[in-house]
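Subject: Handing over the two-chain model

Dear colleague,

I am passing on the structure below, together with some notes on what turned up in it. Please read the notes with the coordinates open beside you.

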Amino acid sequence: MARITAGVTSSHIPAIGAAIDKDKTQEPYWKPLFNGFEFSRKWIQDNMPDVVILVYNDHATAFSMEIIPTFAIGCADEFEPADEGWGPRPVPVIKGAPDLAWHMAQSIIQDDFDLTIINKMKVDHGCTVPLSLMFGKPKEWPVRVIPMPVNVVLYPPPSSRRCYNLGKAIKKAVESFDEDLNVQVWGTGGMSHQLQGARAGLINQEFDTNFLNKIGPDPESLASIPHLDYVRKAGSEGIELVMWLIMRGALDDKVREVHRSYHIPASNTAAGHIILENYPREQKTGKAA
Amino acid sequence: MALNKPYEDIPGTLIFDSEQARKGYKLNQFCMSLMKAENREEFKADERAYLDKWQLTEAQKKAVMARDYNAMMAEGGNIYFLAKIFATDGLTFQFAAASMTGMSQQEYADMMLAGGRSPEGNLYKGEKGNG
């Protein structure tokens, strides 16, 4: 059976991707941020999943104003990096996991989440930057990826609670898939930041620290945060943190935090990163080998 | 009954809601066109002529040509769509964000390096006269 073993959250801002692509990760401005991922890049080699379910938001790339799905799942064989205006990032094409993705779509829709199924999609920095942070610059990505874009661009985005519960539906879907796969769920975006208006540059370390402290042991309290609180306290783009709750909902109730880092600033943003592991399941007996 | 907008008391922040989305539909779709290199070239060669093809309002066209991101937002633009314009200009999110604050690029960059804009006095309209 497929199982979810760990969750990872990270920022996905384009400037981080540009720093990696242009080999600037050791420059004084960026070094502290990338130091926060040194442990993670070793950890992922020791805990390499077969599939990453990558929860992110599309930044007006695959979805223009023509069609705006609240929750979507990428079921394609592969996903090319998009040209967002700077030209496409020089990163490998992402290989999908269509068997699991289609299974998830069926299971999750029957669990009352009306996912939009996507069979053709280019992915933007929201999806590619977390892969670069964890894997560096490989010729091919070492994992297959199921992209799950969430609308946080057009108001209203889905609520914290809805996102947390979607995570639970993801867990149920993965655990009912027959193939023996090691699956991780990544929640990306955040933490506090605001990219627009006279208040641009807002950072709220207290809000972020509380979020980092509670995402492992007390996600229920975070699942009660209303939209208005994110926008007011963590900035208009701080709302991306709801995607962390999708990751968290997909893990077990009890998890183990193995790493975190927090750095200000990455361009306009407080970049938070955390790794949570499920405890190993007890071996079930009585099943024919 | 009017739509509830509980976020209107947040200072210096414009939420991209249904009203803004409808106002900015063509502006944002013009931005999407800049995801193709040939369209970026055409836009850069004659901005006015390119914008005329997109049926934008005069206010929207002027805001784009002036690269006035606050004005583009007021006219219904959303930052992730508008990003295609500053990407076409070879510029970054930090450039665009700074341009909306009334600070110089250096002042803004320094503020971010010092930990960003504090939430203190910046959560509600009227605090510290932020109006």
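Some conventions come before the rest. This is a predicted model, in which local features need pLDDT of at least 70 and side-chain atom pairs count only at pLDDT 80 or more, while totals for chains, interfaces and linings use all residues. Residues are numbered from 1 along each chain as its sequence is written, and chains are lettered from A and ligands numbered from 1 in the order in which they are written. Helices (H or I, at least four residues) and strands (E, at least two) are DSSP runs, numbered from the N terminus.

To stay with H9(A), its buried residues are A:Tyr230, A:Val231, A:Arg232, A:Lys233 and A:Ala234, where buried stands for 20 or more other C-beta atoms within 10 Å of a residue's own, exposed for 12 or fewer, and partly exposed for what lies in between, with C-beta atoms placed from the backbone. These buried residues pack against helix H7 (205-215) of chain A.

In the loop between helix H8 (219-222) and H9 of chain A one finds A:Ser224, which counts as exposed because it has 11 C-beta neighbours inside 10 Å. Its contacts, leaving aside neighbours within four places in sequence, are A:Ser160 and A:Arg161; two residues are in contact if their C-beta atoms, placed from the backbone, lie within 7 Å. The C-alpha atoms of A:Ser224 and A:Arg162 are separated by 9.9 Å, although the two residues are 62 residues apart along the chain.

With 9 other C-beta atoms within 10 Å, A:Asp178 is exposed, and its C-alpha lies 4.6 Å from that of A:Met1, at a sequence separation of 177 residues.

As for helix packing, helix H4 (residues 98-110) of chain A meets H6(A) at an angle of about 125°, with the axes 9 Å apart; axes are lines fitted to C-alpha atoms, for helices over the stretch in contact, and angles run from 0 to 180 degrees between N-to-C directions. The two helices are therefore oblique to each other, given that angles under 35 degrees count as roughly parallel, over 145 as roughly antiparallel, 65 to 115 as roughly perpendicular and the rest as oblique. On the H4(A) side the contact is made by A:His103, A:Met104, A:Ser107 and A:Ile108, and on the H6(A) side by A:Ala169, A:Ile170, A:Lys172, A:Ala173 and A:Val174.

Between the chains, the contact takes 34 residues from chain A and 44 residues from chain B. On the side of chain A that touches chain B, helix H1 (14-21), helix H9 (227-234) and strand S9 (255-266) each supply at least two residues, and H9(A) gives the most, with 4 residues.

Chain B is divided into domain 1 (15-90) and domain 2 (92-125), with bounds that come from an automatic or database domain assignment. Their C-alpha centres lie 23 Å apart, and the contact takes 4 residues from domain 1 of chain B and 5 residues from domain 2 of chain B.

With best wishes
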